[in-house]
Amino acid sequence: MGGSGKSGWRAGLFGLGIALICHGLTVGPSAAETCQRADFEAVVDEASNTLLQLTQANTPTFQAKLRSLKAKRNWTNDQLMTEGAAFVRDDKIAAYDQQSEQLLIKINSQSGEGVDCKVLAGLREAMRTLVETQQAKWKYMFDKIDAELAR
């Protein structure tokens, strides 16, 4: 090791890398002191807004595709309700819903635990996963109806 410039450079990079990792993960005593309830609320608000935007963007388009399928198949309104259910309810969609429900339980249990930054990191991860789960659910539903429209 010695005192060469190269090993000093490596030690400096290693120290910088550890500092960046710790800062990014919001761990350590100093990070715990800087987290506020507002930090928790901001994470929830951001994810909630993302989920709302996802729903607002996808619902009208999905409903239009269902109406197109109704017209293509000459379904009555009653047939749309029964036949169309397959595009919003199946085992895979139920799995997405179950995963989302479990994440919401986790999020609700974390959000009341105070201002521990380790909990905040877990909350961020749960909210990110919830958003990704809902995005995957919408993609699956669109893929399913698009395939049916293409037939």
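Modeller: Start with a term. Buried means under 20% relative accessible area. Both Tyr96 and Tyr140 are buried. Keep in mind that this is a predicted model.

Biologist: What is the order of elements in the protein chain, from the N terminus on?

Modeller: The order is α-α-α-α-α-α. That is 6 helices and 0 strands.

Biologist: How many aromatic pairs does the structure hold?

Modeller: The structure holds 4 aromatic pairs. One of them joins Phe62 and Phe142, with ring centres 5.5 Å apart and planes at 85 degrees.

Biologist: Why is the pair of Phe62 and Phe142 called edge-to-face?

Modeller: Two values decide. Centres must lie within 6.5 Å for rings to pair, and planes over 60 degrees apart count as edge-to-face. The centres of Phe62 and Phe142 are 5.5 Å apart and the planes stand at 85 degrees, so the pair is edge-to-face.

Biologist: What makes this pair a tie between parts of the chain?

Modeller: Phe62 lies in helix 3 (residues 37-73), and Phe142 lies in helix 6 (residues 117-150). The parts are 80 residues apart in sequence, so the pair ties them together.

Biologist: Why does Phe142 count as buried?

Modeller: Its relative accessibility is 12%. The cut-off is under 20%, so Phe142 counts as buried. Phe62 has a relative accessible area of 3%, so Phe62 is buried by the cut-off of under 20%.

Biologist: Back to the tyrosines. Why is the pair of Tyr96 and Tyr140 called tilted?

Modeller: The ring centres are 6.3 Å apart, and the limit is within 6.5 Å, so Tyr96 and Tyr140 pair. The planes are at 55 degrees. Stacked needs under 30 and edge-to-face over 60, so the pair is tilted.

Biologist: Where do Tyr96 and Tyr140 lie?

Modeller: Tyr96 is in helix 5 (residues 91-111) and Tyr140 in helix 6. They are 44 residues apart, and the pair links distant parts of the chain.

Biologist: Which residues do ring pairs link into a cluster?

Modeller: Phe62, Trp138 and Phe142. Asn58, in helix 3, is in contact with Trp138 and Phe142, leaving aside its neighbours within four places in sequence.

Biologist: How do you know that Asn58 counts as buried?

Modeller: Asn58 has 15% relative accessibility, and the cut-off is under 20%, so Asn58 counts as buried.

Biologist: What share of the protein chain counts as buried?

Modeller: Of its 151 residues, 28%.

Terms used. Residues numbered from 1 in each chain as written. Predicted model: local features only at pLDDT ≥ 70, side-chain atom pairs only at ≥ 80, totals over all residues. Heavy atoms only, no water. Helix = DSSP H or I, 4+ residues; strand = E, 2+ residues; numbered from the N terminus. Buried < 20%, exposed > 50% of the residue type's maximum accessible area, 1.4 Å probe, protein only. Phe/Tyr/Trp six-rings, centres within 6.5 Å; stacked < 30°, edge-to-face > 60°. Contact = heavy atoms within 4.5 Å.
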